[in-house]
Amino acid sequence: MAYPKQFRYTKEHEWVDAKDGNARIGITDYAQHELGDVVFVELPPAGKQLASGKTFGSVESVKAVSDIYAPVSGEVIEANAALQNKPELINTDPHGEGWLVKAKLANPAELNSLMDAAAYDAYIAEKQKEASA
Amino acid sequence: MRYLPKSPSERQEMLAAIGVKSIEELFSSIPEPYRLKKPLNLPGPLSETEVIQYFQARAAENSAGYTSFLGAGVYNHLRSVVTDTILQRGEFLTSYTPYQAEISQGTLQAIFEFQTLMCQLTGQEVANASMYDGSTATTEAVLMAERLTGRRRVLVARSLHPEYREVLRTYAKNSGLKIEEISYTAMGTLDLNAVKAALREDVCAVVVQSPNFFGAIENLGPLADAAHGSGALLVVAVAEALSLGIVKPPAEADIVAMEAQSFGLAPSYGGPFAGVVATREKFVRQMPGRLAGQTADQDGRRGFVLTLATREQHIRREKATSNICTNQALCALAATVHLTLLGKEGLREMAEQNLAKAQFALEELEKIPGVRRTFSAPFFNEFTVELPRSVKLVNAELLREKIVGPFVVGSVYPELTKRALVCVTETTTRAEIERFVAGVRHALAQPL
């Protein structure tokens, strides 16, 4: 699956799709693949403050429960309610229907410190090389 | 577990294989001052005959031939040899917590049956595979309420078992959880007005035991309404599980923390016990411990799996829902077998006998001048009475008659001196109750 060009990415495999001071946040195709079948998602309610680099929820797969880290600081506007009944959207459409939260950015400049699609692609390739070494 | 002794030549062989000359050299990386210079302070080895004699002597210390009126969290109930026979099957007795769970279908099925029984008894939707005991289950229930609500204060009934409160205090000591104790009324039940006054938006749970430590049965409905009204959860602890054979299940509770010792576990040396946490399904992901689930394999045959293990400490480390994942599988099995043998009718009948005998004992005790019932709330198989003199002195007299007397309430509640917590179960005969009452009457008539 191709990594959308307009997104920004973290080393913890979250993506941010920012526009006009707001952003959608999710986990990448690589992350969902590593996790396996997602069975439950814990997300913060609207109004919750996100702090860049801190956990704000968790994704439970059949293998493990993994924390999700906020790629940027801000305030949650909406959590993806569809995931409560269909957590598998994270597996089938990680960059689209499987988004986790929408947030209002506190500091849009934080986006500059994240990877773009090309850098993330290279980062993943490196990971996969390590894993197969 | 097998014990495999090693001969000196085998030790030498092992040391040679890893390239050291002696045990001392093996431990040379430990700095000199931290090494023990003398032999461990342990008794020497014993022969097989001596070991058997030792344990026979210890077994003889058990209070055989005594009649007990002591409860206070540990209850003497009838047990069937069927329970022990099943417990002692090697497949159950020697197996450890299954980490490759699905190959242990028998163990998982036993746990699944246990969970089902615990749900039926507590009126809750899910129950875990057991915990150490009622005290740790109660603490885990509070920690669970803390995670669910994000609040850091808990209101605890002073009538909750003193040892349960102590365990909770130990956990809370360094975690930032604030504990506020709420007193009891003249009825012996939790003071609802005091609860309402103490409820604020930082309270995660109200914790109440029923029947409580004094034996009083709590009215849970109004407590649940009060707690829920301020966004807190109601945690109900049950120390005497047999009471659920006759008392309405605590379905109003958000979390039930139970001690299942009454179901098939003898009160030998105070243990082992089996704790239970039961809750509503929507809270299941914050429930500590493990859960066995029923499913079907690819050919459609019934099978059992371990669910929620992803939140246990061997996978989730410091973020685990609990750091006591080891369930009391064998004790839970005892409870399962015991309850299956009794059946619904048998359980009710056993509970009714407790109620009737305790009622009879109270009526007989109240005939003694100066003996008064302390609390007016309904009770199950335990009640509190005031004696005209020290309970300890009375108990010393009773012990001479081979009667283990009631719990000395003043030893943990300074405001309740001369109060005795009397427990009467189905194991106590009418003649024994009469002998006990005569013993109390006699002890009180002794010159001081």
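## Strand 12 of chain B

In this predicted model, strand 12 of chain B runs antiparallel to strand 15 (residues 419-423) of chain B, and 5 bridges join the two. Helices (H or I, at least four residues) and strands (E, at least two) are DSSP runs, numbered from the N terminus, and two strands pair if DSSP finds at least two bridges between them. The bridge partner of E382(B) in strand 15 of chain B is C423(B). Strand 12 of chain B also pairs with strand 11 (residues 372-373) of chain B, in the antiparallel sense over 2 bridges; here R373(B) has V385(B) as its bridge partner.

Strand 12 of chain B is largely enclosed by the rest of the structure, because 4 of its 5 residues are buried. A residue is buried if 20 or more other C-beta atoms lie within 10 Å of its own, exposed if 12 or fewer, and partly exposed in between, with C-beta atoms placed from the backbone.

## Basis of the model

Residues are numbered from 1 along each chain as its sequence is written, while chains are lettered from A and ligands numbered from 1 in the order in which they are written. As the model is predicted, local features need pLDDT of at least 70 and side-chain atom pairs count only at pLDDT 80 or more, whereas totals for chains, interfaces and linings use all residues.

## Domains of chain B

Chain B is divided into domain 1 (67-77 + 343-445) and domain 2 (81-338), with bounds that come from an automatic or database domain assignment. The centres of the two domains, taken over C-alpha atoms, are separated by 28 Å. In the contact between them, 25 residues of domain 1 of chain B meet 23 residues of domain 2 of chain B; two residues are in contact if their C-beta atoms, placed from the backbone, lie within 7 Å.

On the side of domain 1 of chain B that touches domain 2 of chain B, the elements giving two or more residues are helix 12 (329-366) and strand 12 (382-386) of chain B. Helix 12 of chain B supplies the largest share, 7 residues. This side divides into 14 nonpolar, 8 polar and 3 charged residues. Ala, Val, Leu, Ile, Met, Phe, Trp, Tyr, Cys and Pro count as nonpolar, Asp, Glu, Lys and Arg as charged, and the others, Gly among them, as polar.

Chain B holds an open sheet of 7 strands in the order 2-8-7-6-5-3-4, with mixed pairing. Strand 2 of chain B runs antiparallel to strand 8 (residues 275-279) of chain B, joined by 2 bridges, and A127(B) has A278(B) as its bridge partner in strand 8 of chain B. Helix 8 (residues 162-172) of chain B lies across strand 3 (153-157), strand 4 and strand 6 (233-238) of chain B, at about 155° to strand 4 of chain B. Helix 10 (residues 220-229) of chain B packs on the sheet as well, touching strand 5 (203-209) and strand 6 of chain B, and its direction makes about 145° with that of strand 6 of chain B. Axes are lines fitted to C-alpha atoms, for helices over the stretch in contact, and angles run from 0 to 180 degrees between N-to-C directions.

Strand 9 (residues 291-296) and strand 10 (residues 302-307) of chain B run antiparallel and are joined by 6 bridges. T295(B) stands opposite G303(B) in strand 10 of chain B. Their hairpin has 5 residues between the strands, and G300(B) takes a positive phi near 80° there.

## Nonpolar cores

The largest nonpolar core has 115 residues; A205(B), V206(B), V207(B), V235(B), I255(B), V276(B) and V277(B) have the most contacts inside it. A nonpolar core is a set of buried Ala, Val, Leu, Ile, Met, Phe, Trp, Tyr and Cys residues joined through C-beta atoms within 7 Å. Helix 12 of chain B gives the most to this core, with 15 residues. The core draws at least three residues from each of domain 1 and domain 2 of chain B.

A second, separate core has 32 residues, including V59(A), A70(A), V76(A) and I90(A).

## Chain A

An open sheet of 6 strands in chain A has the order 1-2-3-9-8-5, with antiparallel pairing. The edge strands are strand 1 (8-9) and strand 5 (49-50) of chain A. Strand 2 (residues 14-19) and strand 3 (residues 22-27) of chain A are joined by 6 bridges, with W15(A) opposite G26(A).

G57(A) lies in strand 6 (residues 55-61) of chain A and is buried, with 20 other C-beta atoms within 10 Å. Residues up to four places away in sequence aside, G57(A) touches V41(A), E42(A), L43(A), P44(A), I68(A) and L100(A).
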